[in-house]
Amino acid sequence: MNPYPPILSDLIRKLGRLPGLGEKSATRIAMYLLKAPERDVESLAENIRQLRTSIRTCSICFNFTDEPVCAICSDPARDTGEVCIVEGTADLLAIEQSGAFKGRYHVLQGVLAPLDGIGPEQIRIKELFARLKTERIKEIIIATNPSNEGEATAHYLLQILKGHEARVTRIAYGIPMGGDLKYTDRVTLERALKGRQIF
Ligand SMILES: [Zn+2]
């Protein structure tokens with residue numbers, strides 16, 4: 001028999017469905033919320049409530065924002081001729097934190113995964129083509145992840161962007177800082193060698 005009152009077991013079940021959480025962590029979070037100061041719990045609940053009403057996607061790049069156009073797209077200092085294609089906002093933030101890119105982004109809000117029923121129609125690919133028609137894009141940098149889906153998406157994009165006047169590039173993957181060549185997988189090593197630069 002379930003030892004918890006229905007509201008609590010319901011919360012545990014719902015928390016347990018969140019990515020990265022299992023029943024154990026869900027139970028721990030629920031127990032924490034039970035004991036946490038009321039205003040903290042209220043403010044968390046309010047945050048979750050507002051998430052769907054105030055957060056939308058940027059009308060240009062589809063990054064999450066609370067304005068019609070995100071802070072990056074509305075920044076006049078960004079190079080509008082370069083567009084970096086990423087899977088999601090978390091990837092965009094990682095690139096932003098590196099400070100290495102000064103162009104704009106295109107957030108696919110997903111990745112091609114035919115087995116999960118996610119095809120080109122389910123991610124922001126036609127929106128990318130719409131941008132290519134209206135913006136003067138000189139370079140498209142494909143920065144999807146080095147996973148099977150990320151690679152498949154990159155290849156798909158490469159195919160459909162063929163013939164477009166913009167230069168299409170793919171970010172290079174190398175050996176991570178603190179990594180070790182002898183423990184690096186073959187594909188990463190191959191990429192690191194192909195993406196080598198003059199020192
Ligand atoms: Zn934007």
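What percentage of the 199 residues in the protein chain is buried? I looked this up and found 17%. I counted a residue as buried if 20 or more other C-beta atoms lie within 10 Å of its own, as exposed if 12 or fewer do, and as partly exposed in between, with C-beta atoms placed from the backbone.

**Ground rules.** I am working on a predicted model, where local features need pLDDT of at least 70, side-chain atom pairs count only at pLDDT 80 or more, and totals for chains, interfaces and linings use all residues. I number residues from 1 along each chain as its sequence is written.

**Overall layout.** I find seven helices and six strands in the protein chain. These are DSSP runs, numbered from the N terminus: helices are H or I with at least four residues, strands are E with at least two. In sequence order I read α-α-α-β-β-β-α-β-α-β-α-β-α. The radius of gyration is 21 Å, well over the 16 Å that the globule rule gives for 199 residues, so the protein chain is more spread out than a compact globule. I took that radius over C-alpha atoms; the rule is 2.2 Å times the number of residues to the power 0.38. The C-alpha trace spans about 60 × 45 × 35 Å along its principal axes.

**Contacts and domains.** I took contacts between residues at least 6 apart in sequence, and 43% of them join residues at least 24 apart. Two residues are in contact if their C-beta atoms, placed from the backbone, lie within 7 Å. The protein chain is divided into domain 1 (6-54) and domain 2 (78-174). The bounds come from an automatic or database domain assignment. Over C-alpha atoms, I get 34 Å between the two domain centres.

**Helix H3.** I checked the length of H3 (residues 38-54). Its 17 residues should span 24 Å at 1.5 Å a residue, and the end C-alpha atoms are 24 Å apart, which agrees. The expected span is 1.5 Å times one less than the number of residues.

Strand E4 (residues 103-107) is mostly covered: four of its five residues are buried. E4 runs parallel to strand E3 (residues 79-86), and five bridges join them. I call two strands paired if DSSP finds at least two bridges between them. Cys84 has Tyr105 in E4 as its bridge partner. From E3 the chain passes through helix H4 (residues 89-98) to E4, a right-handed β-α-β crossover. Right-handed means that, with the strands pointing away from the viewer, the path from the first strand over the helix to the second runs clockwise.

Glu96 sits in H4. It is partly exposed, with 14 other C-beta atoms within 10 Å. From Glu96 to Pro114 I get 29 Å, C-alpha to C-alpha, at 18 residues apart in sequence.

**E5, H6 and E6.** Four bridges join E5 (residues 139-142) to E6 (residues 167-170), and the strands run parallel. Glu139 has Arg167 in E6 as its bridge partner. With helix H6 (residues 148-161), E5 and E6 make a right-handed β-α-β unit.

Which phi value does Phe62 have? I read a positive one, near 70°, in a residue other than glycine. Most residues other than glycine have a negative phi. Phe62 lies in the loop between E1 (56-57) and E2 (64-65). It counts as buried, with 25 C-beta neighbours inside 10 Å.

Gln109 is not a glycine either, and its phi is positive at about 55°. I place Gln109 in the loop between E4 and helix H5 (125-134). With 17 C-beta neighbours inside 10 Å, Gln109 counts as partly exposed.
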